[in-house]
Amino acid sequence: MSDFDYREKRFENDIEEYFITKGGYQKGNPKAFDKEKALDIQTFIEFIKSSQPKQWERYQKIYGADSETQIVDRFCREVRHIGLLKVMREGFTDRGIKFRIVFWKPETSINETTNAQYNANILHCTRQLHYSLVNNNSIDMVLFLNGIPVVAMELKCQFTGQNVFDAIKQYKQDRAGKDTILQFKNRILVYFAIDLTDVYMTTRLEGNNTYFLPFNQGSNGAGKVGGKGNPNNPDGYDTSYLWEKVLCKDRLLEIFHKYMHLDKEKMIFPRYHQSDVVTKLLEDVKVNGSGKHYLIQHSAGSGKSNSIAWLAHRLAGLHNNNDEKIFQSVIIVTDRKVLDSQLQNTVYQFDHVAGVVEKIDKDAKQLRNAIEAGTPIIITTLQKFPVIYKEVHSTNKRFAVIVDEAHSSQTGDAAKKLKCALADTDKVLEEYAELEQNSKDYEDKMLEEMAAHGTHENLSFFAFTATPKEKTLQMFGIKDKQGKYHPFHIYSMRQAIEEGFILDVLKNYMTYKMYYKIAKSIKDNPELDTAAGVKAISNFETLHPHNISQKTAIMLEHFRNVTRHKIGGKAKAMIVTASRLHAVRYLLEFKRQIEDKKYTDLDVLVAFSGEIEDNGTVYTEEKLNKNKSGETIKEKALPETFHTDKFNMLIVAEKYQTGFDEPLLHTMFVDKKLSGVKAVQTLSRLNRTMKGKQDTFVLDFVNSAEDIKNAFEPFYEQTVLEQETDPNVIYDIKNTLDEYCVYQQTEINHFAEIFYKNQLNSGRLQGELKPALDRFNALSKEKQELFKSTLARFNRIYAFITQVCRLFDKDIHKFSIYAKFLYNFLPKGGQDKVFVDDKVFLEYYRLEKDFEGEIKLESGKEEVKPITGEAGRKEKKKDQLSIIIDKINEKYGTSFTEMDKVILQLQNDYEIQDKWHSYAQNNDKKTFMLLFEKDFPNMAAARYEQNEKFFVQMFSEPEMMRYVMENLGAILYERLKK
């Protein structure tokens with residue numbers, strides 16, 4: 001046996017040894033396994049006989065010598081009918097005799113009978129289980145519960161050149177049969193792929209469609225700030241938490257009993273951070289009792305709904321060491337209807353008892369009755385809370401309050417209002433009611449009230465949020481010796497992104513400054529569409545019709561050229577506006593341009609609350625939203641309608657910026673100042689993952705990259721933002737790379753020639769890279785790392801720039817192709833060489849340009865830093881230069897000085913003449929434009945002397961004349977007809 005083989009064997013031996021000596025298992029015999037029944041029949045029968053002797057005695061009187069065969073068949077039939085998990089929880093009945101196939105651990109150790117039943121469970125750890133009737137395949141390790149296979153483990157060891165992904169491949173390809181042991185819901189409930197550093201899991205094998213989730217702790221350990229992976233374990237294997245903390249007897253049976261559940265044909269097994277947070281919270285409550293506050297900072301993509309359901313269920317049944325129930329009721333405050341039904345379904349599977357969960361959907365009296373009746377879990381909205389405070393203090397009962405703060409929809413932040421409603425003073429209730437009637441932003445004020453009142457011994461708060469503000473941290477966080485406040489448990493945005501549960505919305509981010517700066521440095525740009533997109537300039541916090549018109553054109557162009565081709569042609573966009581009036585004018589402009597340009601495949605919806613008046617017309621969301629048949633789209637039906645193929649874009653004003661879950665959202669156009677939590681919540685509408693969704697895109701007309709960096713920094717770990725990209729920076733980076741003498745120009749040229757001649761031979765491409773790889777390997781380690789990071793930066797920035805403009809530089813583009821492949825073939829970590837034969841995705845590369853954007857998120861701060869001070873919000877409402885002026889200046893290279901005055905004066909010249917108002921009000925647009933185009937040269941000539949250079953150019957260039965007339969005429973018509 002080689003040393004490597006020995007090490008792999010040792011890995012298996014060590015896991016088995018733990019299970020047998022410390023994990024509560026016995027060593028299993030693979031030969032005892034019945035492949036057809038997928039059971040260790042002998043152990044199954046032994047458990048039934050020893051744990052339920054009276055039932056077995058009755059059973060034998062009925063079936064006699066066939067008893068063992070009959071009970072196995074009856075068990076198998078019941079499992080096929082309702083699934084193994086349900087049989088584990090409810091047992092099965094035969095001829096009036098009820099049998100249990102597992103006994104759960106009792107809440108307390110007082111009852112000797114229940115303890116003896118729990119100890120009667122028989123767990124086996126079986127190595128190399130040959131499970132199939134049609135082949136000789138074996139699973140490395142299978143865990144049995146009372147003769148029933150429930151957990152599969154495929155083990156790989158990096159010392160033999162294999163890792164966790166080889167185990168996953170094995171599951172997908174070699175475990176794709178219809179063997180009984182592999183049937184979904186009927187036998188094995190969870191499959192683990194394990195190596196020395198990583199763990200992945202799934203609950204359903206579906207061949208190549210099988211989806212494995214990472215089951216790691218996080219790079220700094222569970223509940224702490226970090227990324228994907230596991231921390232180094234100085235005392236053993238990095239993955240030993242799996243068998244020590246998850247698969248040991250007590251924990252595994254607890255998971256089967258109180259965590260696992262079926263959700264629409266999906267078997268849910270808790271991810272590591274989910275079971276970890278619930279376990280740690282329960283332990284703390286058991287020690288400290290009620291009265292503490294807990295902040296759980298779990299990112300989007302953390303599975304927060306399930307975490308809340310599990311926590312609520314466990315808290316409702318939690319007893320202290322004196323066997324006293326700690327909480328009379330668990331109250332969940334949420335605005336999410338999804339959570340209502342999900343909680344009820346999930347908890348019902350655990351207890352199989354109706355009435356455990358009650359949703360308060362009528363009035364405050366229903367809430368009061370539920371509290372008085374001691375309903376274990378109560379789900380309510382924020383508005384019912386003022387009534388609770390009298391019940392809480394008059395009866396002196398203990399409550400656990402779970403705040404689903406991050407999904408409080410458009411009504412505000414539940415975590416900030418909740419405690420005030422429960423506080424013990426009439427004055428606070430009066431202030432609360434008074435504040436509720438006002439239209440002011442009262443949430444910060446509410447937090448101050450909460451801070452003043454402190455904690456209550458009968459109330460424990462469990463606040464879940466992805467984006468805690470500084471005051472939320474102070475209210476619910478843990479204070480350290482330095483006076484800083486921390487969350488009790490963290491599943492960070494960084495970890496969620498790195499593990500692939502959400503997309504990084506900062507990856508492809510474009511701001512106005514960057515966009516404009518890049519455009520300015522282009523000398524030639526014959527692409528009109530690109531030029532139109534590049535000229536998204538000026539201050540966009542204005543309602544000037546020029547701005548609305550030009551931004552709409554840019555958004556439509558980007559949507560048609562980029563967005564609509566994403567996610568299999570189903571991608572959608574959201575336009576975030578500064579006010580309801582902005583939203584209305586945008587909607588009208590979108591509809592106008594869509595009609596003018598005859599885009600039959602685009603339609604747009606708008607979302608805002610209340611009504612808004614513009615030029616004498618009162619608008620509401622429902623008045624504006626119509627389907628193709630002209631029927632009104634009701635407000636409640638909007639999310640579902642937007643999800644259909646009939647609508648592509650949604651314009652919003654202070655609505656759907658939080659709590660809106662639409663995975664098809666790919667692009668966001670931002671025309672509003674965003675900061676802090678609001679920026680993170682708004683942009684995070686894009687981060688939902690789905691099949692075929694590879695990236696997102698943000699075009700921000702208002703906020704700078706620095707603004708977004710500052711907004712995300714407290715909620716990530718440390719956000720590092722690269723400088724605004726000037727296209728010429730790629731030449732600077734290229735010059736730096738040249739100094740390492742890793743490649744030669746002739747090699748770059750030859751590589752590009754092979755690539756563009758479509759000679760897709762990986763061997764030839766590898767051959768062209770080999771000289772560079774050899775030179776790279778000759779560099780010092782320090783220089784290797786510097787070269788690699790610089791090359792990565794070049795690839796990232798070049799990929800971004802080429803999405804915005806064309807450089808028309810063939811040499812740099814050749815180098816970019818070469819650089820992309822060279823980077824992929826460089827050794828990882830300076831040691832392990834990357835094999836090239838399976839790394840060349842030339843076709844995909846050319847068809848799908850995946851690019852990395854400007855805002856790069858990196859690890860850094862171990863804590864969520866409180867934001868000091870309360871900056872006042874100052875919204876700028878200054879009119880800026882017209883977009884038309886800016887576009888003309890950029891496109892034709894004219895002076896920026898007097899241009900604005902000329903164009904605005906021309907507009908005013910028409911607006912002061914009554915006849916042009918009459919023309920607009922009494923004619924259709926086509927007729928108006930004919931009149932306007934006939935008159936425009938005369939009107940322009942009258943202004944000739946005021947800017948001779950501009951008018952000389954305009955009169956000498958028919959295209960420019962047409963361009964000005966079309967844009968100015970269209971805007972005039974819309975303004976004058978009102």
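A crossing of two helices is left-handed if the near helix is turned anticlockwise from the far one by less than a right angle, and right-handed if clockwise. In this predicted model, local features need pLDDT of at least 70, side-chain atom pairs count only at pLDDT 80 or more, and totals for chains, interfaces and linings use all residues. Residues are numbered from 1 along each chain as its sequence is written, and side-chain values use heavy atoms, without hydrogens and water.

**Helix pair.** Helices (H or I, at least four residues) and strands (E, at least two) are DSSP runs, numbered from the N terminus. Helix 37 (residues 925–942) packs against helix 39 (residues 958–976) at about 130°, and their axes lie 10 Å apart. Angles run from 0 to 180 degrees between N-to-C directions, with axes fitted to C-alpha atoms, for helices over the stretch in contact. The crossing is right-handed.

The contact residues divide into twelve nonpolar, one polar and three charged.

Strands pair if DSSP finds at least two bridges between them.

| Strand joined to strand 15 | Bridges | Direction |
|---|---|---|
| Strand 13 (residues 329–333) | Four bridges | parallel |
| Strand 14 (residues 357–359) | Three bridges | parallel |

Isoleucine 378 is the bridge partner of isoleucine 331 and of glutamate 358. Strand 15 (residues 377–380) is covered on both faces: Ile377 and Ile379 on one side, and Ile378 and Thr380 on the other, are all buried (under 20% relative accessible area, 1.4 Å probe, protein chains only).

Note on methods
Buried < 20%, exposed > 50% of the residue type's maximum accessible area, 1.4 Å probe, protein only. Nonpolar A, V, L, I, M, F, W, Y, C, P; charged D, E, K, R; others polar.
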